[in-house]
Amino acid sequence: LVVNGVSVTLASSCKFWVVYTQDARGVCIEPQSGIPNAFNSFRESGLDIVGPARVLQHNFTWDLSAD
């Protein structure tokens, strides 16, 4: 993604991403740990249920560089 001459590189340990482009003023990109509506699509989603004795942790990094 390049914004005003600045390259933006996003990386995450999440397998899924949501990209929202409907607003002409900008774009929203975010990693997600599961598919949208995963609770209702459990068998297909590979949803990872986390309880009190288990931790789920992901990372999300941004790299900004001028062209």
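At 25% relative accessibility, Ile-35 counts as partly exposed, because buried would need a value under 20% and exposed a value over 50%. Before going on, please keep in mind that this is a predicted model.

Where is Ile-35? Look in the loop between β4 and α1, the helix at residues 42–45. Ile-35 and Val-50 are 15 residues apart along the chain, and their C-alpha atoms are separated by 16 Å.

Now the whole chain. The secondary structure comes to one helix and five strands. In what pattern do they follow one another along the sequence? The pattern is β-β-β-β-α-β. The chain is more spread out than a compact globule, because its radius of gyration is 15 Å, well over the 11 Å that the globule rule gives for 67 residues. If you put a box around the C-alpha atoms, taken along the principal axes, it is roughly 45 × 25 × 15 Å.

How much of the chain is buried? Of the 67 residues, 15% count as buried. The chain exposes about 5600 Å², and carbon and sulfur atoms supply 54% of that area. As for charges, there are 4 positive and 6 negative side chains, and the centres of the two sets lie 12 Å apart. On contacts, take those between residues at least 6 apart in sequence: 45% of them join residues at least 24 apart.

Next, the sheet. Three strands make an open sheet in the order β1-β2-β5, with antiparallel pairing. Why is one side of β1 and of β5 left without a neighbour in the sheet? β1, residues 2–3, and β5, residues 60–66, stand at the edges and have a single partner strand each, so one side of each has no neighbour there.

Take the pairs in turn. β1 is joined to β2, residues 6–12, by two bridges, and the two strands run antiparallel. In that pairing, Val-2 stands opposite Ser-7, and Val-3 stands opposite Val-6. Here is Val-2 again, in strand β1. Val-2 is exposed, with a relative accessible area of 52%; the cut-off for exposed is over 50%.

What lies between β1 and β2? The two strands form a hairpin with two residues between them, and Asn-4 is in the turn. Asn-4 has a positive phi of about 50°, although it is not a glycine. Asn-4 is also exposed, at 79% relative accessible area.

The other pair in this sheet is β2 and β5. How many bridges join them? They pair in the antiparallel sense over seven bridges. For one example of residues facing each other across these strands, Ala-11 stands opposite Thr-61 in β5. While you look at the strands, here is a general point: in a regular strand the side chains alternate between the two faces of the sheet.

Last, a residue from another strand. Gln-32 is found in strand β4, residues 28–32. Is Gln-32 buried, exposed or partly exposed? Gln-32 is partly exposed, with a relative accessible area of 24%, and that class applies because the value falls between the 20% and 50% cut-offs. Which residues does Gln-32 touch, leaving out those up to four places away in sequence? The answer is Cys-14, Lys-15, Phe-16 and Val-18. For Phe-16 there is also a distance: Phe-16 and Gln-32 are 16 residues apart in sequence, and their C-alpha atoms are 5.2 Å apart in space.

Ile-35, where we began, is in the loop between β4 and α1. That is all from me.

How values were computed
Residues numbered from 1 in each chain as written. Predicted model: local features only at pLDDT ≥ 70, side-chain atom pairs only at ≥ 80, totals over all residues. Heavy atoms only, no water. Helix = DSSP H or I, 4+ residues; strand = E, 2+ residues; numbered from the N terminus. Rg over C-alpha atoms; globule rule 2.2 N^0.38 Å. Buried < 20%, exposed > 50% of the residue type's maximum accessible area, 1.4 Å probe, protein only. Contact = heavy atoms within 4.5 Å. Areas by Shrake-Rupley, 256 points an atom, 1.4 Å probe, with all protein chains shown as cover. Lys, Arg positive; Asp, Glu negative; His and termini not counted. Charge placed at Lys NZ, Arg CZ, Asp CG, Glu CD. Pairing = 2+ DSSP bridges.
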